[in-house]
Amino acid sequence: LTLVAPFPLCSQTFFCLLIFISTMSHPKYGSIPETSYHESSHGSEAEENPKVSNLELFSDLVIVVSIHVVAEPLEESDFHNFGLYFARVFYLWLAWHMVTLFMNAAVKMKSQNCPFHNLFIFIWMSFILHMARSFSIDNDANAMKSYLGLRAFETLIYWRQVKFPYKAIVLEDGTKMMSVSEDWVAAMNSYTPVISFMFLVCETIPLTLAIYWGTNGGVYYPMVLASMILICSSFLVGAVGGIGNRGKMLVNAFDADHLSERYELITLIFTGELCFAAGKPGNTLGSNGVMIMAFATYLMTFKSFPLHGQIKFWARSVLHSVIGLLLYAGVFCAIPAMGSAFARIIKEVDSEDIEEGDQEGISAGDLLCYSAGSFMIFSSMMNLINKDPVGENSPVLSSTNRGIIRTLTGVIIWSLTFIIPDSNENKSDIAAVIVPLFALLSTAIEIWAVGSLKIAI
């Protein structure tokens, strides 16, 4: 996919189709395994398929690389247009989230081995790479055109999936049946008008006007902002309107474990992407700091909650799910920005070699404090909407107290931008040491409170 990215979109799709056909023709992958009703009813006789497939992990790598391309301008000392960075990441995140719903339905219907499912995901990755390429050359107009085509494709394949459900179970007499109930199909069908309305009213109309009114390969950014506000508002309005029985039916229709795994795994990939900066030649303090920060980020993502009995926000209600996924959009912005800040610190030249007018944007240390503090606050708010277990599995500190500790840590990290004076030539080096230590200290307190790590010697 990376090799064919410079070619037109139609050529990318053609190459992906050739790859797909050659893969499906191989005897190992070419046949769709038929699962009998008897085998699917007994876990001991049939292996349980993982929630997240290898193809989904592949698509996660593509979106992480695309967001990394968007975050590369942050490594320049004169970059200051952070609103543009957030908007680009927002639309990449939204495209990823909406196709995740398509993949989530595939988990329920057991259609992950369907040839059409695999082909659709490859076409989706081609669209994403085309968007990333346009962003890399600051051609936001072409990127938005690719985005609208991508979203139209996502809406179409989701509608097709729930309108013509995949029949994965083959009975002894040869007849096929769905692995889901009619009520599930009805619940997923009820979400189709919501997706269509959001695509037409909140995305197509404002972004088309943004492209039409834009100049020199750019877009009219006030309309882009209006589209983002409409998208977030439609999510929240739909969540509030789904508090009743329809909302309970819808949140039970989606596979909460799959959604949780997808978001946690892509966060893990983002965290691993942080370590790329550590391999660059330059400042040793920055290299050590980024490794400590990556370790703290991993612990905050996977070890800061009880191992048993916690109910994730995905499984609580539609409102909790919507709030959580919007908070994840902030996390998707914060982690790559941290990586760019560390990359600047590691390769940063001496302040004496920088001319006075060269550094129009914020310093690398300030960027690290803002992005790391934002990550701490966004992730703490996500923990607050999870529900801790009660009884013997209850943590020493409640989720509210743990959230307060992490939020205060984020505020302290933010305040370092003012505490450490700009006149200090070692401000970036100081931030590269203090910020990871604060994050690791906060995480250590949370791990102690939930008992997720124990010495077994």
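Which residues in α4 meet which residues in α10? I opened my notebook with this question, working from a predicted model.

**Entry 1: α4 and α10.** I located helix α4 at residues 82–109 and helix α10 at residues 256–274. On the α4 side I listed W93, W96, H97, T100, L101, M103, N104 and V107. Their partners in α10 are H258, L259, R262, Y263 and I266.

Entry 2: The axes of α4 and α10 come within 10 Å and cross at roughly 140 degrees. Angles over 145 degrees count as roughly antiparallel, and α4 and α10 are therefore recorded as oblique to each other. I noted the crossing of α4 past α10 as right-handed.

**Entry 3: α4 and α6.** Next I looked up helix α6, residues 140–163, whose axis comes within 10 Å of that of α4. The two axes cross at roughly 15 degrees. From α4, the contact includes L84, R88, Y91, L94 and A95. From α6, the residues include D140, M144, Y147, L150 and R151. By class, I recorded 16 nonpolar, one polar and four charged residues in the contact of α4 with α6.

Notes
Residues numbered from 1 in each chain as written. Predicted model: local features only at pLDDT ≥ 70, side-chain atom pairs only at ≥ 80, totals over all residues. Heavy atoms only, no water. Axes fitted to C-alpha atoms, helices over the stretch in contact; angles between N-to-C directions. Helix = DSSP H or I, 4+ residues; strand = E, 2+ residues; numbered from the N terminus. Parallel < 35°, antiparallel > 145°, perpendicular 65-115°, else oblique. Left-handed = near helix turned anticlockwise from the far one by under 90°. Contact = heavy atoms within 4.5 Å. Nonpolar A, V, L, I, M, F, W, Y, C, P; charged D, E, K, R; others polar.
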